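Student: I have the coordinates open. Can we go through the packing in short steps?

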Amino acid sequence: MTSRERFLAALNCQPLDRPPIWVMRQAGRYLPEYRALKEKHSFLELAQTPELALEVTLQPLRRFDLDAAILFSDILVIPEALGQGYHFRTQGGIGMDYRLDSKDQIDALDPTAIEEKLSYVSDALKLIDGELAGSKALLGFGGSPWTLATYMVEGGSSKNFERVKGLFYSDRLAFNALMEKLVAALIDYFRMQKSAGVDAIQIFDSWGGILAGEDYQEASLQWIQQIIDAVRDEVSIIIYAKGTSPHFARQAATRPKAISVDWTIPIEEAAQQIPADVAIQGNLDPVLLDTTPDIVRQGATRILDAMSNRPGHIFNLGHGIHPTARIENMETLVETVTTYSQ
Ligand code: CP3
């Protein structure tokens, strides 16, 4: 069975001897070969040059026997395509080129011609798809409308999210106008990714968990629902959200193919709340990869044992891999999962 077949079987909740494994930001600062490329090229150059995006996407697969490749890009390409550029702050975190703080600025965003503006993503995906030749699953992705709006309205990374929440509470018309534009752009973007060869698309609702529980549906999930409704028959969607364990049933009601679970809940408890025909991805605490191979092996084995009777498990971290992750720990993680047998 190829890695891609294993991944697709898990996504379709078929029983397997062991789950497939991939991790988020597998291309990232923990890999010396990535840091070497970053000496020569900016992040944007890497993401916008298809041959370089191909190289960065494949780097982790040369080292580790992962079952899926995730496109090297960023969720912030969508705000940029709408007219709001981004950069990485030297002290860490994201800065947008300006902050959205009026309805006029929202009205000025242009969600059309996504395929042309982001043709470099489609070109990169086609190169990756050609290189993988069906051996590994290929994953595309995008941010959720809410998570993108946090960067756009806050003007970058934020601590308390008062501006974007303020917009949601006090100017629902402007908030909805922004979300509608993001939904339209993301639907076009996901269709483009599908035509370029992806097997599934992960929607990152990384900041869904900072919302008040009673607002999650209206501020975030309903917009994800609109996207899933539009593309469900065309491409498999995985919902990833951080800090949204109280909302598994609501997330499952949007009918994604899979729900990705953060590390704060024992995965078997998440499994009790997620219907048997929705796959579950997760959920090792990324910090374990900073510790020792023994601790990683124990943590991973606990999750594998807990999920061994639940068809439809995709092994993953509960969030992206940290720059401080140790390569020997990543090797142990992949070995533990790929040699596991029930
Ligand atoms: O997994 C992969 O390698 C695929 C590519 C990918 C990146 N970002 C590349 C990247 C994916 C799937 C993302 C998703 C992403 N980007 C999210 C959603 C997931 C999450 O983290 O919750 C978000 C919120 C972003 C926005 C973003 N991009 C942040 C907050 C940062 C960190 C900034 C910092 O200084 O800490 C990035 C940078 C980024 N995106 C890196 C990579 C490999 C690190 C770049 C570097 O420093 O070289």
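This is a predicted model: local features need pLDDT of at least 70, side-chain atom pairs count only at pLDDT 80 or more; totals for chains, interfaces and linings use all residues.

Student: Is Asn329 buried or exposed?

Tutor: Buried means under 20% relative accessible area. Asn329 has 0% relative accessibility, so Asn329 counts as buried.

Student: Which residues does Asn329 touch, not counting residues up to four places away in sequence?

Tutor: Contact means heavy atoms within 4.5 Å. Sequence neighbours up to four places away are not counted. Asn329 then touches Leu288, Leu289, Asp290, Thr291, Thr292, Pro293 and Val296.

Student: Where is Ala270 found, and what does Ala270 contact beyond its neighbours within four places in sequence?

Tutor: Ala270 is found in helix H14 (residues 267-273). At 0% relative accessibility, Ala270 counts as buried. Leaving aside neighbours within four places, its contacts are Phe248, Val261, Ile265 and Ile280.

Student: What does Ile78 touch, not counting residues up to four places away in sequence?

Tutor: Ile78 is among the residues with the most contacts inside the core. Not counting residues up to four places away, Ile78 touches Ile114, Leu118, Leu148, Leu182, Ala185, Leu186 and Tyr189.

Student: Are H11 and H12 roughly parallel or roughly antiparallel to each other?

Tutor: The axes of H11 and helix H12 (residues 216-231) come within 10 Å and cross at roughly 30°. Angles under 35 degrees count as roughly parallel. H11 and H12 are therefore roughly parallel.

Student: Is the crossing of H11 and H12 left-handed or right-handed, and what is the contact by class?

Tutor: The crossing of H11 and H12 is right-handed. Residues making the contact include Phe175 and Met179 of H11 and Trp223 of H12. By class, the contact has 11 nonpolar, two polar and four charged residues.

Student: How do the axes of H4 and H8 cross?

Tutor: The axes of helix H4 (residues 50-63) and helix H8 (residues 119-132) come within 8 Å and cross at roughly 45°. That makes H4 oblique to H8. The crossing of H4 and H8 is right-handed.

Note on methods: Residues are numbered from 1 along each chain as its sequence is written. Side-chain values use heavy atoms; hydrogens and water are left out. Axes are lines fitted to C-alpha atoms, for helices over the stretch in contact, and angles run from 0 to 180 degrees between N-to-C directions. Helices (H or I, at least four residues) and strands (E, at least two) are DSSP runs, numbered from the N terminus. Angles under 35 degrees count as roughly parallel, over 145 as roughly antiparallel, 65 to 115 as roughly perpendicular and the rest as oblique. A crossing is left-handed if the near helix is turned anticlockwise from the far one by less than a right angle, and right-handed if clockwise. A nonpolar core is a set of buried Ala, Val, Leu, Ile, Met, Phe, Trp, Tyr and Cys residues joined through side-chain atoms within 4.5 Å. Buried means under 20% relative accessible area, exposed over 50%, partly exposed in between (1.4 Å probe, protein chains only). Ala, Val, Leu, Ile, Met, Phe, Trp, Tyr, Cys and Pro count as nonpolar, Asp, Glu, Lys and Arg as charged, and the others, Gly among them, as polar.
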